[in-house]
Amino acid sequence: SSRLHRISTHADTVVVSALATHSSSVAHKSMNEAGLSSTITLAGALITLIVASTVAITRSSSSSSSRTKRNRNNGTQNPEVAGDNANATMSAAAHCGTFTYTAPPDRATMLSNAFHPLQQQATQRRSCGICFTPLSSQASVELKGCRHAFHASCVKAPLACTSKCPTCSKSVPQASAESPSGTLVVRTIPRPCPGFPSNTGTFELVYNIPGGTQKDYNAKPGKSYSGTMRTAYLPDTPAGIDTLIRLEYCWMSGLIFKVGTSQTTGRNNVIVWTGIPHKTGLTGGPFGFPDANYVQQCNTIMDTFNVPDAQTCQQQFPSLVSAPAAAAAGTTA
């Protein structure tokens, strides 16, 4: 910018000097045909000089822009560009960390995580969605998500059978949380996500579930099960971040895994996926990237589990915005 200023100042000085010289010449000459011709010639020279100065300024600006682009390609970015990249890195880092899920100790606790108790004033002029009598007649609850209300004694049995709201038939995630306890570690890795622009980062999700004993809501209560470690990936894009937040919500709600029979090995009493898809590789294949449809497909399936949108997930689990070293929670707030 200082170079442009010097060029512009020089051009102004030349113009002013030329005008002063011309004024002095005109003052000592008569306005005859020769003088008029001289004036026209000088005016043409001044116009040429101004045009030349403008071209020099434009070329200098273009050269400066080219140097900036070369610096970006070489990794020697100016402070403003580096600041933008730093903000992007901070945004990705805000969704990384360790998320610890603690499974409910029994089915009764799991079902109680599916609803909020209603205060007496909130039951006025409302009826139970099952027996249709006034809610105010006994202890009442409101399901998380759809917010339909029932007597506590009326809704527990239906939830235990179907994990769906008796009124709207929407899935109640907290009533089907069969995952054993474990941890999810989310981080970014220095590798582009295949199928996306080369500057697109990659989130790595590492699930770690130790072995243990099945609870009364698992496939075979009292039987032992084998532990597992699974790794999955997501692109660091706006849609990828929203998907990551929803997957973290699913993990903290016990919806990603369950104990069952492996479809690939046929082994019983092992950790298996519940049906929410994950990409477990970065080198192609049916379970790896590239896959242009994966993010949309994953979100569509999470919709069938009645998983809230990313913003609502963050409201219910504030730790999803920035996970501490160990974010412990086994229920939805």
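Two residues are in contact when heavy atoms of theirs lie within 4.5 Å. In this predicted model, H278 is in contact with Y207, A232, L247, I256, W273, F287 and Y294, leaving aside its neighbours within four places in sequence. H278 is found in the loop between β11 (270–273) and α7 (294–304). The relative accessibility of H278 is 9%. The cut-off for a buried residue is under 20%, so H278 counts as buried. Two polar partners were computed for the side chain of H278. One is the side chain of Y207, with a polar contact at 2.8 Å. The other is the backbone oxygen of I276, reached at 3.0 Å.

The loop between β11 and α7 also holds P290. A cis peptide bond joins F289 to P290, with omega at about 10°.

The chain as a whole has 8 helices and 12 strands. It comprises 333 residues, and 36% of them count as buried.

The largest pocket holds about 650 Å³ of space. Its lining is made up of 26 residues. R230, Q263, T264, V272 and W273 lie nearest the centre of the pocket. W273 is also one of the residues in contact with H278. β9 (228–235), β11 and α7 each supply at least two residues of the lining. β11 gives the most, with 4 residues.

Strand β3 (residues 140–143) pairs with two other strands. Strand β2 (residues 115–117) runs antiparallel to β3 and is joined to it by 3 bridges. Here H116 stands opposite E142. Strand β4 (residues 149–151) pairs with β3 over 3 bridges, also in the antiparallel sense. In this pairing F150 is the bridge partner of V141. In a regular strand, side chains alternate between the two faces of the sheet. In β3, S140 and E142 point one way, while V141 and L143 point the other way. All four of these β3 residues are buried.

The hairpin of β3 and β4 has 5 residues between the strands. Within this hairpin, G145 takes a positive phi near 95°.

Positive phi values also occur in residues other than glycine. F132 is one of these, with phi near 65°. F132 lies in the loop between β2 and β3. Its relative accessible area is 62%. The cut-off for an exposed residue is over 50%, so F132 is exposed. N269 is another such residue, with phi near 55°. N269 is found in the loop between β10 (257–260) and β11.

Helix α6 (residues 238–252) contains M252. The relative accessible area of M252 is 0%, so M252 is buried. M252 and S181 are 71 residues apart along the chain. Their C-alpha atoms are separated by 9.7 Å.

Conventions
Residues are numbered from 1 along each chain as its sequence is written. This is a predicted model: local features need pLDDT of at least 70, side-chain atom pairs count only at pLDDT 80 or more; totals for chains, interfaces and linings use all residues. Side-chain values use heavy atoms; hydrogens and water are left out. Buried means under 20% relative accessible area, exposed over 50%, partly exposed in between (1.4 Å probe, protein chains only). A polar contact is a pair of N or O atoms within 3.5 Å; within protein, one must be able to donate a hydrogen and the other to accept it, and residues adjacent in sequence count only if both atoms are side-chain atoms. Two strands pair if DSSP finds at least two bridges between them. On a 1 Å grid over the protein atoms alone, a cavity is a set of points where a 1.4 Å probe fits but cannot get out, and a pocket is an open set with protein on both sides within 12 Å along at least five of seven lines; lining residues have an atom within 4 Å of a point. Grid points are joined across faces, edges and corners, and a volume is the space filled by probe spheres set on the points.
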